[in-house]
Amino acid sequence: MSASATTARTTSPLRHLGPNWYAAVMGTAIVASAGAALPVRPPGLRGACEAVWALSAAALAVLLVARAVHWARHSDQARRHLGDPAVAPFYGCAAMALLAVGGATLSVGPGVVGQGAAVTADAVLWVAGTVTGLAAAAGIPYLMVTRHRIEPGQASPVWLLPVVAPMVSAALGPALVPHLPAGQWRAAMVLACYGLFGMSLLATLLILPAVFARLIHHGPLPLALTPALFLVLGPLGQSTTAVGNLADAAQGALPAPYAHAAAPFAVLYGAPVMGFALLWLALAAALVLRAFRQGMGFAMTWWAFTFPIGTCVTGAAALSRHTGLHALTWLSAGLYILLVAAWAVAAARTAHGLVSGRLLAAPRPAPQPLPAVRVRTT
């Protein structure tokens, strides 16, 4: 290969396009699906959600092509990403982007593409996202054990990304249950989603203590990584959403004793978990404000403010639906306003970074210490 070809490959704008970019697709799609899940329907919300869903679908299509080109032309960099413990967990975002766009397609897309097309698209994306998510949930921890070299004190909320993907499948799979044949198919889908819920929940419970211990023993995260604290909200809000949606889908899909038990479980599980989510939201917000005061600038980690908050919106909406409490309705609405504000800021700053080329530039190398200078004396 000629020197000019090598230079072109290494300077390609796609060379440093990592899997973390899928977080932008997730964060955009959740704005649409969370808006559709709200117990309140302000004027214009439906049209706005359809527009945001269309944007997320277009962004997913562009990113899938760009990532395919990245793997084809920059396989060395792609393999380097898999070998980097700070980057590899973001492969879970690829699965969640597929799932999030599929779920938004079924919740807000039928008015644009029709019910049949929306169901088909969601089914394809749910299967693809679930398979990809299971591969990430098993494969990334395998790499962490066998390939990555992780030092004490390096635990990060980013570790949650691969294991949360099955929880997203569990939360969005119930919407497909009414479109399956009655009987075995529907029952299998509901129980499979409960299985996905369980594997993700138990894996999350393994990781959260390590993350909290890292904060206690080693202090706050680096400034650029501080927004990742919001990722803890993902499994909390998504699991609350999952049990609420599964309780709805279980009616008519499971035998009576289990179908009747699903609704109480949704409330008895979801209420305390949502309480912990609000506690963690307060802690994470305080640490983010501290990071802002210390000069935290924009990075792609700011997309951590979007999808996790969106799962809390859908979780609060599910609790509101099952309890009828107006307080939960207002909680979901307040969280949705926070979500839209976070998305608007992250989207605007990302667009600016793309136009300027800064977000696709090669990472700056860490500064090297100056060599010691020996002073000769006479």
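Reply: Terms first. On a 1 Å grid over the protein atoms alone, a cavity is a set of points where a 1.4 Å probe fits but cannot get out, and a pocket is an open set with protein on both sides within 12 Å along at least five of seven lines; lining residues have an atom within 4 Å of a point. This is a predicted model: local features need pLDDT of at least 70, side-chain atom pairs count only at pLDDT 80 or more, and totals for chains, interfaces and linings use all residues. Residues are numbered from 1 along each chain as its sequence is written, and side-chain values use heavy atoms, with hydrogens and water left out.

Me: Fine. How many cavities of 30 Å³ or more turn up in the whole structure?

Reply: Two. A volume here is the space filled by probe spheres set on the grid points, which are joined across faces, edges and corners.

Me: Which residues lie nearest the centre of the largest cavity?

Reply: Cys 93, Leu 161, Leu 231, Ala 304 and Pro 308, out of 20 lining residues. Two or more lining residues come from each of helix H2 (22-37), helix H5 (91-108), helix H8 (160-172), helix H10 (233-250) and helix H12 (307-323). Helices (H or I, at least four residues) and strands (E, at least two) are DSSP runs, numbered from the N terminus.

Me: Which helix gives the largest share of that lining?

Reply: H8, with three residues.

Me: And how does the lining of the largest cavity divide by class?

Reply: 17 nonpolar, three polar and no charged. Ala, Val, Leu, Ile, Met, Phe, Trp, Tyr, Cys and Pro count as nonpolar, Asp, Glu, Lys and Arg as charged, and the others, Gly among them, as polar.

Me: What lines the second largest cavity?

Reply: Pro 220, Leu 221, Leu 223, Thr 226, Leu 229, Leu 287, Arg 290 and Ala 291. By class, that is six nonpolar, one polar and one charged. The space in the second largest cavity is about 40 Å³.

Me: Where is Leu 221, and is it buried or exposed?

Reply: Leu 221 sits in the loop between H9 and H10. It counts as buried because its relative accessible area is 8%. The cut-offs: buried is under 20% relative accessible area, exposed over 50%, partly exposed in between (1.4 Å probe, protein chains only).

Me: OK, salt bridges. How many?

Reply: Three, where a salt bridge is a side-chain nitrogen of Lys or Arg within 4 Å of a carboxyl oxygen of Asp or Glu. One joins Arg 15 to Asp 76, at 2.8 Å from N to O. That pair links distant parts of the chain, 61 residues apart: Arg 15 is in the loop between helix H1 (3-10) and H2, Asp 76 in helix H4 (residues 75-83).

Me: Buried or exposed, those two?

Reply: Arg 15 is buried, at 10% relative accessible area. Asp 76 is partly exposed, at 29%.

Me: What about Glu 50?

Reply: Glu 50 bridges to Arg 46, at 3.8 Å from N to O. Both are in helix H3 (residues 45-73), four residues apart, about one turn of the helix. Arg 46 is partly exposed, at 42%.

Me: And which residue pairs with Arg 321?

Reply: Asp 248, with the closest N and O atoms 2.8 Å apart. This one links distant parts of the chain too, with Arg 321 in H12 and Asp 248 in H10, 73 residues apart. Arg 321 is partly exposed at 44%, and Asp 248 is partly exposed at 37%.

Me: Last one: where is Phe 90?

Reply: In the loop between H4 and H5. Phe 90 counts as buried, at 17% relative accessibility. Its C-alpha is 9.3 Å from that of Ile 140, 50 residues apart along the chain.
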